[in-house]
Amino acid sequence: MKRYNIALLAGDGTGEEVTNEAVKVIKAVGVKYSADFNFEPALIGGCAYDVYKTPLPEETLNLAKKSDAVLLGAVGDWKYDKLPPEVRPERALLGIRKELNLFANLRPAIVYPELTKLSPLKEENVAGTDIMIIRELTGDVYFGTPKGIEIKDGERFGYNNMCYSESEIKRIAHCAFKVAMQRKKKVCSVDKANVLDVSRLWREVVAQVSKEYPEVELTNMYVDNAAMQIIRAPKQFDVILTGNIFGDILSDEASMLSGSLGLLPSASLSDKNPAMYEPIHGSAPDLKGKNIVNPIATILSAAMMLKYSFNLEDEYNTIVNAVRKALKEGYRTQDIMSEGMTLTSTDKMGDIIKNYILN
Ligand code: IPM
Ligand code: MG
């Protein structure tokens, strides 16, 4: 039986509740397809700070590095809001992305037919939407230097640096074109080249890389226009390629096409290290322990792990189909609840999906 070693970093808030359900579902896939998915837990975020005085302990990083993949819940809690920036839970997330060189963040925004009514947007506009946002994840203003807050001309002055090297742009562009080749062969690169120098370079390098993919149609869009177009006519997009900060913002925006942040998974890939899979939502500490959060984003993230890290396409489809069946049958966590549907708790949702896989 093939064995897969997965680092399980549940994190803070409701992270544990959602990862529990993902583990349950992956174990069911293991039973069905005779594979051994072995989960090794470790601390990350605020809970790690409580024990180790750092949100990203060496132990956790070492475990992640030697695993075949990493499954992460979420980090952050208000109780850590007063900590200095270098030990805040969010730092762990940025730290692990950088340490594992996870430069390619894939964030699919798919509107399932079962859920078109959920979107705050008009059903006919969102139905059939299937966008893959490819967000660069280890560069940009998130990691650029110099940065800081200092006194200048007698007042405080804060600054960060938006920057990309040619090689950073090249590798994420290749990733986007490769993904597009498996899809509808369209890449829309999003930048702010009318104002920013870094975006001008981005646009030039993406155009150059695109020559190696003659079958893929490349378009460019300014980020302000893209933000509008995603709401106006989301079906025009196939792959959206963009930088770290624009991708952060546009992926939250795109989640509203489907109606809930609780549905959207993500994969963060590198060319050498193990990849990491996490829902795009946060830790929702106010909902912790209530057994009400939606585990589907994390379950779908675990499904992406099977596809992208382990090449288990059938197993991936089995999970996606089980999730869709649960939705079709009317099971709903509170974030996606509507009249006539069956209100379902976090662990019940996991059980239902698990049972569809096994039966
Ligand atoms: C995300 C989150 C993170 C980010 C935060 C928590 C650091 O918003 O994964 O989208 O900005 O990348
Ligand atoms: Mg975000």
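Contact here means heavy atoms within 4.5 Å. I am working on a predicted model, where local features need pLDDT of at least 70, side-chain atom pairs count only at pLDDT 80 or more, and totals for chains, interfaces and linings use all residues. Residues are numbered from 1 along each chain as written, chains are lettered from A and ligands numbered from 1 in written order, and side-chain values use heavy atoms, without hydrogens and water.

**Entry 1: α6 and α7**

I looked up which residues of α6 meet α7: E166, I169, K170, I172, A173, H174 and F177 touch L201, W202, V205, V206, Q208, V209 and S210. By class, I noted nine nonpolar, three polar and two charged residues in this contact (Ala, Val, Leu, Ile, Met, Phe, Trp, Tyr, Cys and Pro are nonpolar, Asp, Glu, Lys and Arg charged, the others, Gly among them, polar). Helices are DSSP runs of H or I, at least four residues, numbered from the N terminus. α6 spans residues 166–181 and α7 residues 197–210, with axes 9 Å apart at about 50°. Axes are lines fitted to C-alpha atoms over the stretch in contact, and angles run from 0 to 180 degrees between N-to-C directions.

**Entry 2: α1 and α10**

Next I checked α1 (residues 15–33) and α10 (residues 296–308), whose axes come within 8 Å and cross at roughly 45°. I therefore wrote down α1 and α10 as oblique too.

**Entry 3: ligand 1**

Which residues are around ligand 1? I found L93, R97, R107, R135, Y142 and D248 (a heavy atom within 4 Å). A polar side-chain atom of R97 lies 2.7 Å from a ligand oxygen atom.

Terms used:
Helices (H or I, at least four residues) and strands (E, at least two) are DSSP runs, numbered from the N terminus. A polar contact is a pair of N or O atoms within 3.5 Å; within protein, one must be able to donate a hydrogen and the other to accept it, and residues adjacent in sequence count only if both atoms are side-chain atoms. Angles under 35 degrees count as roughly parallel, over 145 as roughly antiparallel, 65 to 115 as roughly perpendicular and the rest as oblique.
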